[in-house]
Amino acid sequence: MRRSPSVTSQLGLSERIFATAADRGLAANIDAGIEDVESSLITELVYANEIANVTTRYLFDAGGKRVRPMLALLTSHLGDGAVPDVITAASAIELTHLASLYHDDVMDDSDKRRGVPSAQAVWGNSIAILTGDLLFARASQLMARLGERAIRLQAATFERLVLGQFRETVGPQPGQDPVQHYIGVLADKTGSLIAAAAQAGIVFSNAPAEYEQPVVTFGEKIGVAFQLIDDVLDLSPQPEQTGKVPGTDLRAGVVTLPLLRLRERAPSSEADAALLARLERDVMTSNGIATEAADSAITALREHPVTAETLAEAHSWARDAVAALSPLPAGPVKKALTRFAETIVERSS
């Protein structure tokens, strides 16, 4: 059978997580579970409306690593494994993630996603927003099949996603530390959904209840690490790997941690203040238009110590995520989760 781009991408991820022969049994189970999730998603992404049937499949067909379903499947093996309820929950969480991408691209005015033109660049903001809404609704329908616990999990996660976007849009309030505000946004927008995936694997596989909070904490922290790595990758000079033009987020006016760290340094360094001025003048207000001045400023930020500091912070969050797993029993699942955290911060796309 010909694998979809997303499954192929996920298999590459699993090869890095399940590195030894002793892990192959678990790896085979995870890969089979991902195939089941993929089949479920294909079934769910069918709409009677002709346009919706195309737009909802658009970013799904563009690929994706299926990080969240993979995490749900991993934690489910602390219980009964990838039973049907776990597959349903993992599918709903991936649909929720997919929906958020449509909305994020509108909010950020992004022109590319997963190496293809963003949905809002193809169909406009209104269709992109409506597509995201449809996917959120379909995810909620899936969770409703699993009962009240699932509905509450979905609702709480959705609320945090929206509040994270709200906080990002409004920005830090007077007297609030911009970095702490930013980390809080990452925890809401990225950490909450990854944590929900890890939690779903425990809850819907009937795993011991005492494993729930450790994997939730793990998911929250690895979610922050994941996004901090994205901040570094945004500056990558290799768009063929990242699928984005270097500095895509900054060109769209999106604040990232390297920029925030540079702002902290600027008052005490003329060189840093000068670079910050270049970024804010030539990049942050460029509306995504590539210019020599913008490219030069992005290169300078990439080579600045604040980018290395951001990478170090991502690794610190990943170490804290692994430390949260200490209550879990030793074995292939805990080992795989540890390697999962390491792989997240080692990725190049």
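Me: Before we start, what are the ground rules for numbering and confidence?
Reply: Residues are numbered from 1 along each chain as its sequence is written, and the model is predicted, so local features need pLDDT of at least 70 and side-chain atom pairs count only at pLDDT 80 or more, while totals for chains, interfaces and linings use all residues. Side-chain values use heavy atoms, with hydrogens and water left out.

Me: Why is Asp-104 called buried?
Reply: Buried means under 20% relative accessible area, exposed means over 50%, and partly exposed is in between (1.4 Å probe, protein chains only). Asp-104 comes in at 17%, so it counts as buried. Asp-104 sits in helix 5 (residues 84-108); helices here are DSSP runs (H or I, at least four residues; strands are E, at least two), numbered from the N terminus.

Me: And what makes Asp-105 buried?
Reply: Asp-105 has 2% relative accessibility, so it counts as buried too. Asp-105 also lies in helix 5.

Me: Which residues does Asp-105 touch, not counting residues up to four places away in sequence?
Reply: Contact means heavy atoms within 4.5 Å. By that rule Asp-105 touches Ser-110, Arg-113, Ser-118 and Gln-120. Asp-104 has Arg-113 on its list as well, along with Gln-165 and Lys-189.

Me: Why is helix 4 (residues 67-76) described as largely enclosed?
Reply: Because 10 of its 10 residues are buried, helix 4 is largely enclosed by the rest of the structure. The buried set includes Arg-68, Thr-75 and Ser-76 as well as Met-70 and Leu-71.

Me: How do you know that the length of helix 16 (residues 305-323) agrees with what it should span?
Reply: The expected span of a helix is 1.5 Å times one less than its number of residues. For the 19 residues of helix 16 that gives 27 Å, and the end C-alpha atoms are 27 Å apart, so the two agree.

Me: What makes a set of residues a nonpolar core?
Reply: The members are buried Ala, Val, Leu, Ile, Met, Phe, Trp, Tyr and Cys residues joined through side-chain atoms within 4.5 Å. The largest such core has 81 residues, and those with the most contacts inside it are Phe-204, Phe-218, Ile-222 and Phe-340. Its largest share, 13 residues, comes from helix 9 (residues 178-203). This core draws at least three residues from each of domain 1 (20-207) and domain 2 (209-341).

Me: How big is the area buried between domain 1 and domain 2?
Reply: Domain bounds come from an automatic or database domain assignment, and buried area is the accessible area (1.4 Å probe) that two parts lose on being put together, summed over both. Here it is about 2,800 Å², of which carbon and sulfur atoms give 72%. Leu-78, Val-179 and Tyr-182 supply 20% of the area that domain 1 buries against domain 2, more than any other three residues. As for contacts, 32 residues of domain 1 meet 33 residues of domain 2.
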